[in-house]
Amino acid sequence: MTRETVPPAMITFNEGLPGFETYRQYQLMVSPESDPFAIVRGVGPEGPSFVAIDPARVVAGYALVIDPADLVRLGSDGSEQLLFLCIVTVHEDGRASVNLRAPLVINPASLRGIQLVTPESPYRIDHPLRAA
């Protein structure tokens, strides 16, 4: 993910995100001020917003296998560099965790995204986020 300020990219999640299926369009916002985080903001009235982070910045060697059917959903032939972002949750007690099990996967070439839900993943849905 670039670390310079770029205009928000409009990403289409054709199936929405789990729990937010009616929101299909999201803006991806990245800037030096929010580094290492990105903002994923649903377009429309009361659209949901999420703070996200590149999972490789949380766990060295983070990797998931993407099924060929998911590549089709992303409009990818498998040759593009895909962007992985994981949603951050800030808990009432101030702790923060990252959902490494269900990353957002975005194809920057097609501007399509999916949330890749991986029940058999070795990663946690509540991986502790620690300051660097």
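In the predicted model, asparagine 99 touches Cys86, Ile87, Gln115, Arg124 and Ile125, leaving aside residues up to four places away in sequence. Asparagine 99 is found in the loop between strand 6 (96-98) and strand 7 (104-107). Its relative accessibility is 18%, so asparagine 99 counts as buried, the limit for that class being under 20%. Two backbone nitrogens are reached by the side chain of asparagine 99: that of arginine 101 at 3.1 Å and that of alanine 102 at 3.0 Å.

Not counting residues up to four places away in sequence, leucine 100 touches Pro55, Val58, Val59, Tyr62, Cys86, Tyr123, Arg124, Ile125 and His127. Leucine 100 also belongs to the largest nonpolar core, which has 17 residues. The residues with the most contacts inside this core are Tyr62, Ile66, Leu82, Leu100 and Val105. Strand 5 (residues 83-90) supplies the largest share of the core, 3 residues. Another core, of 16 residues, lies apart from it and includes Leu17, Tyr26, Val40 and Ile106. In soluble globular proteins, nonpolar side chains tend to be buried together.

Aromatic pairs were examined next. The count comes to 3 aromatic pairs. One of them is formed by phenylalanine 13 and tyrosine 26, with 5.3 Å from centre to centre and 80° between the planes, an edge-to-face arrangement. This pair links distant parts of the chain, 13 residues apart: phenylalanine 13 is in the loop between strand 1 (9-12) and strand 2 (25-29), whereas tyrosine 26 is in strand 2. Both phenylalanine 13 and tyrosine 26 are buried. In the pair of phenylalanine 20 and phenylalanine 50, the ring centres are 5.4 Å apart and the planes stand at 75°, so this pair is edge-to-face, the angle being over 60 degrees. Phenylalanine 20 is in the loop between strand 1 and strand 2, and phenylalanine 50 is in strand 4 (residues 49-53); the pair links distant parts of the chain, 30 residues apart. With a relative accessible area of 31%, phenylalanine 20 is partly exposed. Phenylalanine 50, in contrast, counts as buried because its relative accessibility is 13%.

Strand 4 is paired on the sheet with strand 3 and with strand 5. Strand 3 and strand 4 run antiparallel and are joined by 5 bridges. Arginine 41 stands opposite serine 49 in strand 4. The hairpin of strand 3 and strand 4 has 6 residues between the strands, and in this hairpin glycine 44 takes a positive phi near 125°. Strand 4 and strand 5 also run antiparallel, with 3 bridges between them. Here alanine 52 stands opposite isoleucine 87 in strand 5. Isoleucine 87 is also among the residues touched by asparagine 99.

The structure holds 5 salt bridges. Side chains of opposite charge can pair when their charged atoms come close. Arginine 57 and aspartate 35 meet through their side chains in a salt bridge of 3.2 Å, N to O. This pair links distant parts of the chain, 22 residues apart, with arginine 57 in the loop between strand 4 and helix 1 (68-73) and aspartate 35 in the loop between strand 2 and strand 3 (37-42). Arginine 57 has 44% relative accessibility and therefore counts as partly exposed; aspartate 35, at 33%, likewise counts as partly exposed.

A salt bridge is also formed by aspartate 93 and arginine 95, whose closest N and O atoms are 2.8 Å apart. Aspartate 93 counts as exposed, at 54% relative accessibility, whereas arginine 95 counts as partly exposed, at 48%. The limit that separates these two classes is 50% relative accessible area. In the salt bridge of aspartate 126 with arginine 124, the closest N and O atoms are 3.0 Å apart. Aspartate 126 is partly exposed, with a relative accessible area of 38%, and arginine 124 counts as partly exposed at 41% relative accessibility. Arginine 124 is in contact with asparagine 99 and with leucine 100. Finally, a network of salt bridges links Glu15, Asp70 and Arg73.

Definitions and conventions. Residues numbered from 1 in each chain as written. Predicted model: local features only at pLDDT ≥ 70, side-chain atom pairs only at ≥ 80, totals over all residues. Heavy atoms only, no water. Phe/Tyr/Trp six-rings, centres within 6.5 Å; stacked < 30°, edge-to-face > 60°. Helix = DSSP H or I, 4+ residues; strand = E, 2+ residues; numbered from the N terminus. Buried < 20%, exposed > 50% of the residue type's maximum accessible area, 1.4 Å probe, protein only. Core = buried A, V, L, I, M, F, W, Y, C linked by side-chain atoms within 4.5 Å. Contact = heavy atoms within 4.5 Å. Polar contact = N/O pair within 3.5 Å; in protein donor to acceptor, adjacent residues only side chain to side chain. Salt bridge = Lys/Arg side-chain N within 4 Å of Asp/Glu carboxyl O. Pairing = 2+ DSSP bridges.
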